[in-house]
Structure formats: structure tokens, C-alpha cells
Amino acid sequence: MRLSLIRFLMLVAVVVGFAVSNTSQAQAYNQYFNDDTNYVLIYGHQGNSWYLDKSSVVIKESNKKANAFACVVISVDVNGNVSGDKTYWYYEPCQRDNFNEAFYSNDGKTWKSFNVNDSAGYMQVVIGGFKTGWKVAFGSGWS
């Protein structure tokens with residue numbers, strides 16, 4: 001009986017220890033990079049984060065045909081250091097069949113379609129850049 005109680009208590013200790021270690025690994029991402037409101041968090045994953053530079057947003061087109069803008073997104077590594085930056089160009093035609101479709105490019109020449117409401121993790125930097133950049137460029141949220 002005593003041996004069963006010891007085994008049970010050891011099992012509880014292991015389970016609690018595992019739960020606490022997993023909880024402590026959860027990442028909290030700062031809303032702004034280095035508390036600078038110019039750099040807004042658009043995505044965080046496994047300790048890395050991406051921030052849109054609001055001062056970089058430039059409207060390229062805004063008329064009945066389309067809305068287009070460009071912006072710079074910085075990536076920040078797990079140590080809080082800027083590990084890179086990338087320019088994203090976004091284009092949304094006003095007349096389209098799929099209202100959730102927009103286009104992005106990293107050079108302003110080669111365009112890729114994306115679903116603005118896609119929940120796939122690998123698209124969240126693109127989508128976050130689009131939605132946050134749209135609000136900065138055009139003064140209201142994308143819809």
C-alpha cells in the first residue's frame with residue numbers, strides 16, 4: 001500500500017512538473033517592438049515575432065480600380081534582436097469575384113494570391129501585414 005502511494009505521488013509530481021514547464025514556455029509578445037508604437041506586432045511564433053513599421057507604409061494606388069500599398073516588416077529573433085526586414089507590396093482589385101482575395105509581392109512585380117481570412121500559420125505574416133498596413137494606409141480596417 002505504501003509503495004503504491006509513493007508511486008502515485010511521484011506520478012503526480014512528474015505530471016505537475018511537465019505542466020508547469022510547458023506553461024512557462026508560452027511566449028508573450030510585446031504589442032510594440034522596444035515599446036515603439038511605430039512598430040506594431042503582426043505575428044509571433046516560437047519566440048520569433050514580426051512587426052510592421054507604420055512609418056514605411058506608402059500608398060501606391062487608391063482609386064475605383066484598386067487599392068495598393070507597400071510596407072516594411074521586421075523580424076525579431078528569440079533574443080529580441082532584429083534579424084531581418086522585408087518589403088511587402090499589397091494589391092486589392094476593387095472588382096473581383098472573391099472578396100477575401102488579395103495579392104502580395106516582395107518585389108512589386110511577381111504577385112501571389114492569398115485569402116485575407118486564411119488561418120494557416122505560414123500565411124500570418126502576410127495577412128497581418130496586409131490588415132495592419134491597410135489600416136495605416138487607408139485609415140480604417142480592411143473589410
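In which sense do E4 and E5 pair, and over how many bridges? E4 and E5 are antiparallel, with 3 bridges. The model is predicted: local features need pLDDT of at least 70, side-chain atom pairs count only at pLDDT 80 or more, and totals for chains, interfaces and linings use all residues. Residues are numbered from 1 along each chain as its sequence is written, and side-chain values use heavy atoms, leaving out hydrogens and water.

View 1. Strands (E, at least two residues) and helices (H or I, at least four) are DSSP runs, numbered from the N terminus. Two strands pair if DSSP finds at least two bridges between them. Trp89 stands opposite Ser105 in E5. E5 and E6 also run antiparallel, joined by 4 bridges. Phe103 has Ser113 in E6 as its bridge partner.

**View 2. Helix H2 and its cover.** H2 spans residues 124-138, 15 residues in total. From first C-alpha to last, H2 reaches 21 Å, close to the 21 Å expected at 1.5 Å a residue; the expected span is 1.5 Å times one less than the number of residues. Its buried residues (under 20% relative accessible area, 1.4 Å probe, protein chains only; exposed is over 50%, partly exposed in between) include Val126, Ile127, Gly133 and Ala137. The cover over the buried residues of H2 includes strands E1, E2, E3, E4, E5 and E6. Gly139 follows H2 and has a positive phi, near 80°.

**View 3. The largest nonpolar core.** A nonpolar core is a set of buried Ala, Val, Leu, Ile, Met, Phe, Trp, Tyr and Cys residues joined through side-chain atoms within 4.5 Å. The largest has 21 residues; Phe69, Tyr88, Tyr90, Phe114 and Phe130 touch the most other members. H2 gives the largest share of this core, 6 residues.

**View 4. Aromatic rings.** Rings of Phe, Tyr and Trp (its six-membered ring) pair if their centres lie within 6.5 Å; planes under 30 degrees apart count as stacked, over 60 as edge-to-face and the rest as tilted. The count is 15 aromatic pairs. Tyr88 and Tyr90 are stacked, 6.1 Å centre to centre with 15° between the planes. Both tyrosines, Tyr88 and Tyr90, are buried. Phe130 and Trp134 have ring centres 5.6 Å apart and planes at 45°, so this pair is tilted. Phe130 and Trp134 are 4 residues apart in H2, so about one helical turn separates them.

Terms used
Contact = heavy atoms within 4.5 Å.
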